[in-house]
Amino acid sequence: MNSVWISRLLVFMSALPRVLCGADSNSLCKSNRPELDLQSVIDNLIQQQRKLCTYQCLTNEEKNSVKALKNQVENVTNLLFHPPLIYNNKKYVISKVTYQSSDEAMTYCTAFGGYLAEVDDKNEYAALQKFVVSTPGVDMVLIAGTDASKEGTWKFQRTLAPMPVLDWCAGQPDDRNVEDCMTLWKSYGTKMNDIGCDFRSADYRFMCELPKVN
Ligand SMILES: [Ca+2]
Ligand SMILES: [Ca+2]
């Protein structure tokens, strides 16, 4: 229900006691009024309308500020990331730039309201594989996952939950020179590979999982 209809309903509900009871307010009506408890219904509707009053109730000046901010965020997003994938009500983006550490990559993702992309099931994994394949100019893409706390036990950095999907490139994970972070590697079937958590190559990119914003 939109706010226009709520406003109309509020006007109607406010008038309802007079409609029901008339000008002389007979005794039957008086005795029924507490049971109707119109005031609490009206209070309830007013509360609901307040909850709906987020963007609609802003002044034009405030709406323009919100639009300008959205444009700025979109411009910065386009500067930093390739065109996104929308999947299962989430937005995934792969960076155009490299990163100095997995922590720094996570900080980028957090700044946009998300986190390093977490593969929660095989369908999401397949969608992210296709996304990496279809994004030009990227090969090694950092996603969520680390075995830093215990070699060979892979968890998400954010939740510390065990990774439910592990699907390695041939010969991986090899932990070569200590590799405790996770990538998808396009050159080797876009499967998983363990890599160092710090900067090793200007070719590395990272993928964020963000809330989908309309
Ligand atoms: Ca390792
Ligand atoms: Ca490796």
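User: What makes S5 and S6 a pair of strands?

Analyst: Two strands pair if DSSP finds at least two bridges between them. S5 and S6 have five bridges, in the antiparallel sense. So they meet the definition of a pair. Strands themselves are DSSP runs of E, at least two residues long, and helices are runs of H or I of at least four residues; both are numbered from the N terminus. In S6, Asn193 is the bridge partner of Thr183. The hairpin of S5 and S6 has five residues between the strands, and Gly189 takes a positive phi near 80° there.

User: What kind of model is this, and how are residues numbered?

Analyst: This is a predicted model: local features need pLDDT of at least 70, side-chain atom pairs count only at pLDDT 80 or more, and totals for chains, interfaces and linings use all residues. Residues are numbered from 1 along each chain as its sequence is written, while chains are lettered from A and ligands numbered from 1 in the order in which they are written.

User: Why is S5 called largely enclosed?

Analyst: A residue is buried if 20 or more other C-beta atoms lie within 10 Å of its own, exposed if 12 or fewer, and partly exposed in between, with C-beta atoms placed from the backbone. Four of the five residues of S5 are buried, so the rest of the structure largely encloses this strand. Across the protein chain of 214 residues, 21% count as buried.

User: Why is Val133 called partly exposed?

Analyst: Val133 has 13 C-beta neighbours inside 10 Å, so it counts as partly exposed. Val133 is in helix H6. Beyond its neighbours within four places in sequence, Val133 is in contact (C-beta atoms, placed from the backbone, within 7 Å) with Lys186 and Thr190. Val133 and Trp185 are 52 residues apart in sequence and 9.5 Å apart in space, C-alpha to C-alpha.

User: How do you know that the length of H6 agrees with its number of residues?

Analyst: The expected span is 1.5 Å times one less than the number of residues. The 13 residues of H6 should therefore span 18 Å, and its end C-alpha atoms are 18 Å apart, which agrees.

User: What puts the buried residues of H6 on the same side?

Analyst: The buried residues are Tyr125, Leu128, Phe131 and Val132. They cover an arc of only 125° around the axis, which puts them on the same side of H6. The arc is that of the directions from the helix axis to the C-beta atoms. The face turned away from the buried side carries the exposed residues Lys122, Asn123 and Ser134. Cover for the buried residues of H6 includes S1, S2, S4 and S5.

User: How do you know that the buried residues of H5 line one face?

Analyst: Ser102, Ala105, Met106 and Cys109 are the buried residues of H5. Down the helix axis they fall within an arc of 100°, so they line one face. An α-helix has 3.6 residues a turn, so residues three or four places apart point the same way. These buried residues of H5 pack against S3, S4, S5 and S7.

Definitions and conventions: Two residues are in contact if their C-beta atoms, placed from the backbone, lie within 7 Å.
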